[in-house]
Every structure is written in C-alpha cells, then in structure tokens.
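Hello,

Here is the structure we talked about. My notes follow below it.

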Amino acid sequence: MNYRHAFHAGSFADVFKHAVLCRILHYLREKPAAFRVIDTHAGAGIYDLTSAEANRGGEWHDGVERLLAAIAAGKLPDNVVTLLAPYLDVIGALNVPGKLTAYPGSPALTRAWLRADDRLIACELEPHAAIALSRHLRADSRIKVIEIDGWTALQAYVPPPERRGLVLVDPPFEENADFHRLSHMLGLAHRKWATGIYALWYPIKGRGEADDLAKRLRRSGIAKILRAELLVSPVSDPTRLNGSGLILINPPWTLEAELAALLPVLSRLLERQPQGGGYTLDWLSGEAAGQTKPKPKAKTK
Ligand SMILES: C[S@@+](CC[C@H](N)C(=O)[O-])C[C@H]1O[C@@H](n2cnc3c(N)ncnc32)[C@H](O)[C@@H]1O
C-alpha cells in the first residue's frame, strides 16, 4: 500500500467527489429518520495543505483553490454556489477566512453533517492514515474508526441497522483489479442491502477500464445506476489522470438535476487547458436508462 491521499487532497477529483457526497448528505438530512454512512476507504480525515505532500504535485491549486477563487470573484452562477454550499461550509469552518490551509476528506465532511442519531463507520487500512483519522475524529460517539480492509467492511456492515444511508467506496486504484473488485463487491453488498445509496469513485485515464466497469454494471441486474464523469482533459494520454467518475446506485431523486447543473460548470472551471474538460451524465440502468443521452465529452461541450 503506497497510496497516500495527502498528495491528492483537494484535487479536481476531490472537489467533484466531495461536492456530490455533500449533496447526498444534504438529502439524507432532509428526512427525520437517522442514517448511517459507511466509508470503506476513508483516508486520514483532514489534510494539511501546507505540508510537503500536499505541495509536491500541488493538485489542490487546480482543484479546491481554483474553485474558491472563482466563487470569490463571483464567476460561478448562484444556483451552483447554492448547490456547493454544504461542501463549502465545511471547508470554511476548517479555515480562517481568505486563507486555505486545511482540507476535509470524506469522513470529516460526513461528520459535519451528522445529526445526533446519525452514524459514521470510517474504515482505513493504512496504519498512519488510520491513526490520523482516529485523531481527527476522536471523541465523537457517533463515529467508529476501524482499521479494517474496506472490501471486508463493505460486506460486514451492510445492511446497517438504520436501513437508511450511504456507502462510499473510494479505493486507491493502485491496481486495475480495483475496477473488478468494485463491481464484484458492489454486487454482493447490493444483494444484502438493495435499497441503500452507494457512491463508487473511479479514476479515468484511458476509457477502457471505465467503459468495462459500465458494461459490467449494466449487466449486473442492479436497478437505478446513475453515472457521472468529470473530465479535465481529453483521454488521449492514458498515463495521466484525465478525469474521474462516480457510480451512484439509488441516488437521491434530486441528484440527477443537481449534477446536470454542477457538471458543466465544474468541468469548465477545472479543465487543464481551454476546451479540455467535459462530462457525462447518464443512467446505466433504471427507468431512464438508454433515454438520457450522454452529455458532450471533452472538446465537444
Ligand atoms: C482515495 S483514498 C480515500 C480518500 C477519502 N475517501 C476521501 O475522499 O477523503 C483511499 C484510501 O484507502 C486506503 N486503503 C488502501 N487499501 C485499503 C483497504 N484495502 N481497505 C481500507 N482502506 C484502504 C488508503 O490508505 C487511502 O487512505
């Protein structure tokens, strides 16, 4: 396990993933019944953007920093800023105004939106990250940090007692096998808990693995699979991270329209070169499958 999320914290991929995570949390909070979030690959929780790791590639400059600068300059439409508010509020609470030095990972974002009866299970296998995560989330009886293999956790903790909530699966993809694990383990978990919301993250370098994942999911028999992808550059160079995707099972009914508003703005804002960005929003299965046209991809938006 060589992956360290500290190198990538606040990157374009984090902005996209975390903005969507916060939309789902916002939705879950709208009903009084308690919910549970199971974060299978949780990371360290909070990242120091002044650290050597965060500044080695400086990915946060092209992600969260660019986003905050655009908002401060009034360059984003009001409806998009409103949709981003649950995400931006947590970043704002971690930092002094006008100075971005800390970035919240998925468990810190989730913690911010838990109510008294809501619960978070945060799983992290890498020992240093697990210690940091426990330290960042300590003394909160609503949260359990567990040093456990996230794939095992995915089977062990579903269905949750609340029967309401979200499973976030965000593995490091150090090996391409993670693409296969994603669809296989999701299938097993979904059999145990068919009504849960699942959000699965994946990287896009070339199209091959991402398209194969979509094919397997289309054949899985799982109803209601929404796919959202955000590209920051054309996929012509498969050695680079050109974009990232989210597979959303049983998404909140509000999420498709929210993504339709967010994706064009985020892809334009976060693109690496002019006209380099793009996005896809379509149903792999469900009532709307085959009816929603993929939105224009890189270079054709
Ligand atoms: C992409 S990062 C997670 C980022 C986090 N979800 C967020 O959005 O802030 C993946 C994390 O999974 C951890 N990891 C790697 N293999 C794991 C496994 N088998 N089980 C649980 N965690 C694992 C890595 O140490 C890393 O912290």
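**Helix packing and ligand site**

The axes of helix 1 (residues 12-28) and helix 4 (residues 78-94) come within 8 Å and cross at roughly 90 degrees. Axes are lines fitted to C-alpha atoms, for helices over the stretch in contact, and angles run from 0 to 180 degrees between N-to-C directions. Helices are DSSP runs (H or I, at least four residues), numbered from the N terminus. Helix 1 is therefore roughly perpendicular to helix 4 (65 to 115 degrees).

This is a predicted model: local features need pLDDT of at least 70, side-chain atom pairs count only at pLDDT 80 or more, and totals for chains, interfaces and linings use all residues. Residues are numbered from 1 along each chain as its sequence is written, and side-chain values use heavy atoms, without hydrogens and water.

From helix 1, Asp 14, Val 15, His 18, Ala 19, Cys 22, Arg 23 and His 26 meet Thr 82, Leu 83, Leu 84, Pro 86 and Tyr 87 of helix 4 (contact: heavy atoms within 4.5 Å). Seven of these contact residues are nonpolar, three polar and two charged. Ala, Val, Leu, Ile, Met, Phe, Trp, Tyr, Cys and Pro count as nonpolar, Asp, Glu, Lys and Arg as charged, and the others, Gly among them, as polar.

Now the ligand. It is surrounded by 19 residues, the closest being His 18, Glu 124, Asp 149, Gly 150 and Asp 170 (a heavy atom within 4 Å). That shell has six nonpolar, eight polar and five charged residues. A side-chain N or O atom of Glu 124 is 2.6 Å from a ligand oxygen. For Asp 170, a side-chain N or O atom is 2.7 Å from a ligand nitrogen.

Best wishes

Terms used:
Helices (H or I, at least four residues) and strands (E, at least two) are DSSP runs, numbered from the N terminus. Angles under 35 degrees count as roughly parallel, over 145 as roughly antiparallel, 65 to 115 as roughly perpendicular and the rest as oblique. A polar contact is a pair of N or O atoms within 3.5 Å; within protein, one must be able to donate a hydrogen and the other to accept it, and residues adjacent in sequence count only if both atoms are side-chain atoms.
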